[in-house]
Amino acid sequence: MSEPLMTEPPTTEPPTAEPLVEVREAVKYFPIRQGIVFKREVGRVHAVEGVSLTVRRGETLGLVGETGCGKSTLARCITKLHPLTSGTLLFEGRDITGLSRSQVRPFRRRMQMIFQDPYGSLNPRRRVGSIIGDPFAIHGEGARDERKPRVQELMELVGLNPEHYNRFPAEFSGGQRQRIGVARALALKPSLIVADEPVSALDVSIQAQILNLLEDLQREFGLTYVFISHDLSVVRHVSDRIAVMYLGQVVELAASEELHGRPRHPYTNALLSAASVADPDQAAARQRIVLAGDVPSPIAPPTGCRFHPRCPKAQEICVQQTPPLLAAAGDPDAHLTACHFPVEPGEDLTRVTATIPEEERAE
Amino acid sequence: MSADPTPGSAPGPADSTPDAAGVAVAVAPARPQPSGGHAIEGRSPWQLAWIHLRKDRAAMISLAFILLLALLSVSAPLLAHWIGWSPTDQDRTQGLTVDGLPVGPSGRHLLGTDNLGRDILVRVLYGSQVSLLVGVVSTLLAVAMGVLVGLVAGYFGSAVDTVLSRVMDLVLSFPFLLFAIALVSIFGSSLAISVFVIAFFSWAAVGRIVRGQTLSIREKEYIEAARSLGAGDLRIMFVDVLPNLLAPVIVYTTLLIPIAIVFEATLSFLGLGVVPPAPTWGNMLSDSLDFYQVAWWFPLFPGLALLLTTLAFNLLGDGVRDALDPRAERLFQD
């Protein structure tokens, strides 16, 4: 089955250090316009601000953060669905930041997306066979009658019955629909797959199936994943490295186990303390760090460290200076934290209080 | 992967003959075979709509009426030959009374004669040709134009949308009758002019509907998915957006045809449509104005034909809308 799908032999080696995608100082603003005929810009949503990331070939990079923290926008910037406001994007070593839509097309074959909503991402009026065959049709691969066996091969690969070729998306369950999305993404043998919350719309029992499918496919075809989720346990399960985002910025980036074992950013600590734990005794014993207030508006993000209004450790400097994303003292080089006062192992965040002025704090 | 999905049946998957599929199953009975001929056919939304429509009695009677009318109008020359009168033949012996008035329904003229002694049945049949032709052709033109403009406006948005929307507003605000009279006085009345005028005044309404639908479909995730695959604007517009517009467009088309038919009758009535002596329902009604007090059959039959036809199209349109609308209440009908 793998021969007709892969031109190169599947890579089974551990992830190499070779970067597949590099994002440098990526910034994405969405203008807010007002007016009926003549629209003027009245503000901007700072969706992504100054993100630098490297995705290595063969690895899974997890992106976590609350709703609205810019992780989906970042994913769409990486796959060139949104143009960057500023910054650079390198794919397989080539700068593709400024490429036009037609210039990007050859790169589209190499990077694909899996979408969050298995109901919204499949055209309800088209048959599954033609949806999965879309990549072939768009990139002019194979004659119409040659595509069908290839599509059915893909359907079998992702665990769908190839005989359902002529069915409509409405006739499938959520999990099956997500498999259709996976098959479509795999069709052109991409090297990168950006999965935007691929399991968050699914039942828990189905989530595991899709995650295992993605894992199997990664092993078989040497895929690189950017895996977006707000579910920490899912991300921990699939990722080699995890980047934690808050209000459009990466606040901590580390290997998966390192991040879970020694979270340094107060926000990461709060996130981890809120994640569900399967053991009820442990769940009862742990202390949750409850953050004050809501996520501030990305239209007017806070100065300095964007987390300072809600941070239990915030001090004067946090209001004034944006902390750089660096390896904190005592951390391995690959563990980066953007915090003036990284959390020490064993420190109890529920007992500290911020020393910043009252008006700077969140309600 | 261990197994080839189609062992021992190289041409198998694409082959649709039952024999080849049978062989493939015999070779590898354990695996489901992706054999083209036996692929499970999903019920398309259109099939479901048809199943629903079939239960709508009013719509089905209307559909039968429309099909019958179409059949009659196509075979009008044949029927005329069989009846024995052409639409312009004047019955010089018994077509008019001694006072020169139309003759009522009789064995010789089933629906009576008009003021010139012509057979009304034959003229109504021939009139249906004009009505259906103008109604359908001008509607198709209007829908094609409206879909194209609405799709472009809705898909591209911004400045393109602003310009095209204003054009549609402009067309919709035109006084159509004045414009029609002006056009006809410039180009002379003909079938083509009627079709053009009707299409010109109908497309903008379709365009508005399509634009609105496109605006919402454009934001769907599957459009983003198509874009991420590298699909171009044209492909997205016609392969991804258009199929989702078909339901409202079809509904609107069936409702637009009767409007166009009435429109054509209006033009003919005013003497702006098809040139007499060719019969249309509109010019027959117009001719009958002076005689309705003495010859009830003269305005009645063309009027009835017009009424029943528009009613049938409207009822069918309602039925189609109910059948295609997923939100319609179906609990109590099944």
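Me: What percentage of the residues of chain B count as buried?

Reply: In this predicted model, 39% of the 334 residues of chain B count as buried.

Me: How many helices and strands are there in chain B?

Reply: Chain B has 12 helices and zero strands. Following the sequence along, you read α-α-α-α-α-α-α-α-α-α-α-α.

Me: And the contacts? Among those in chain B between residues at least 6 apart in sequence, what percentage join residues at least 24 apart?

Reply: That share is 65%.

Me: Now a single residue, please. Where does B:Ser158 lie?

Reply: Look at helix α6 of chain B, which covers residues 158-172; B:Ser158 belongs to this helix. Its phi is positive, about 40 degrees, although B:Ser158 is not a glycine.

Me: Which loop holds A:Leu247?

Reply: Turn to chain A and find the loop between β9 (241-246) and β10 (249-255); A:Leu247 is found there. A:Leu247 is not a glycine, yet it has a positive phi of about 50 degrees.

Me: Why does A:Leu247 count as buried?

Reply: We use the neighbour count again, and this time the cut-off for buried is 20 or more. A:Leu247 counts as buried because it has 23 C-beta neighbours inside 10 Å.

Methods: Residues numbered from 1 in each chain as written. Chains lettered and ligands numbered in written order. Predicted model: local features only at pLDDT ≥ 70, side-chain atom pairs only at ≥ 80, totals over all residues. Helix = DSSP H or I, 4+ residues; strand = E, 2+ residues; numbered from the N terminus. Buried ≥ 20, exposed ≤ 12 C-beta atoms within 10 Å, placed from the backbone. Contact = placed C-beta atoms within 7 Å.
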